[in-house]
Amino acid sequence: MAAKFTLPPLPYAYDALEPVVSKQIMEIHHQKHHQTYITNLNAALAAQTSALQSNDVPQQIALQQKIKFNGGGHINHSLFWKNLTPPGSPEASLDSAAPTLKAAIEGRWGSIKNFCDGFGATLLALQGSGWGWLISSGPKGKLEIVTTKDQDPVTGDIPIFGVDMWEHAYYLQYLNNKGAYVDGIWKIINWAVAEDRYKNGVDGASILKL
């Protein structure tokens, strides 16, 4: 029997990220977009189970893109909700919540400002839909800023935190001003979660085991 995934609850209220991300966006993003990825993933996995049982190889091949896209959407959003926190919360303080990661960022980019500027520039340079990520090559590994296209998940590395750059993540509030969304995201990064992922090597695949 194929796995059946369900929508994970947010670790905060829908309006908790205001004014950076509005309640309206969070409700639509979580209840509609994320739920759709889960619904489509479950359907694709059920179809894959049937195709495996009937040895329908062409159907198995045809389903791979749906599984990749919707499975990636589920992984990415599950990671995203957890790497956000209400502005002003203790977890939003890089200095107190992520001392190990902070030191690693400073060692890699010279300063937090250099890192934030570089990450922001990478996000704004994304063409089309996708994600920007701070990744580590393993627990306390080398840090890199990377992007993934559409809903492709990070594979082979640890996603320390990601930022959703699909229009549904910001457009209702920021319209075409992506820069304001990118500037605001730093106020709601959950550095405690980022510290844990960096120190302990929590990868994206583990989200599907929760």
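**View 1. The protein chain is divided into domain 1 and domain 2.** The domain assignment gives domain 1 as residues 23-83 and domain 2 as residues 90-200. The model shown here is predicted. Taken over C-alpha atoms, the centres of the two domains are 23 Å apart. Domain 1 brings 17 residues to the contact, and domain 2 brings 24.

**View 2. Domain 1 and domain 2 bury area against each other.** The size of an interface is often given as the accessible area lost when the parts come together. Here the two domains bury about 1,600 Å² between them. Carbon and sulfur atoms account for 63% of that area.

**View 3. Polar pairs and helices meet at the interface of domain 1 and domain 2.** The interface has 11 residue pairs in polar contact, with both residues at pLDDT 80 or more. On the side of domain 1 that touches domain 2, two elements give two or more residues: α1 (23-53) and α2 (57-82). Helix α2 gives the largest share of that side, 10 residues.

**View 4. K68 and D152 form a salt bridge.** How many salt bridges are found across the interface of domain 1 and domain 2? The rule finds one. The overall count of salt bridges comes to five. In the pair of K68 and D152, the closest N and O atoms are 3.8 Å apart. K68 lies in helix α2 and D152 in the loop between β2 and β3, so the pair ties together parts that are 84 residues apart in sequence.

**View 5. Three strands make an open sheet.** The strand order is β2-β1-β3, and the pairing is antiparallel. Which strands lie at the edges? They are β2 (143-149) and β3 (158-164), and each pairs on one side only. Neighbouring strands are turned by 25° against each other on average, direction ignored. Strands of a sheet pair through backbone hydrogen bonds, either parallel or antiparallel.

**View 6. Strands β1 and β2 form a hairpin.** Strand β1 covers residues 130-136. Seven bridges join β1 to β2, and the two strands run antiparallel. W131 stands opposite T148 in β2. The bridge partner of I135 in β2 is E144. Six residues lie between the two strands of the hairpin. In this turn, K140 has a positive phi of about 55°.

**View 7. Helix α4 lies across the strands β1, β2 and β3.** This helix covers residues 99-109. How does α4 run relative to β2, and at what angle? Helix α4 runs at about 90° to β2.

View 8. Most residues other than glycine have a negative phi, and most peptide bonds are trans. P19 is found in the segment before α1. D150 lies in the loop between β2 and β3. D152, the salt-bridge partner of K68, lies in the loop between β2 and β3 as well.

How values were computed. Residues numbered from 1 in each chain as written. Predicted model: local features only at pLDDT ≥ 70, side-chain atom pairs only at ≥ 80, totals over all residues. Heavy atoms only, no water. Pairing = 2+ DSSP bridges. Helix = DSSP H or I, 4+ residues; strand = E, 2+ residues; numbered from the N terminus. Axes fitted to C-alpha atoms, helices over the stretch in contact; angles between N-to-C directions. Contact = heavy atoms within 4.5 Å. Domains from an automatic or database assignment. Buried area = accessible area lost by both parts, 1.4 Å probe. Salt bridge = Lys/Arg side-chain N within 4 Å of Asp/Glu carboxyl O. Polar contact = N/O pair within 3.5 Å; in protein donor to acceptor, adjacent residues only side chain to side chain.
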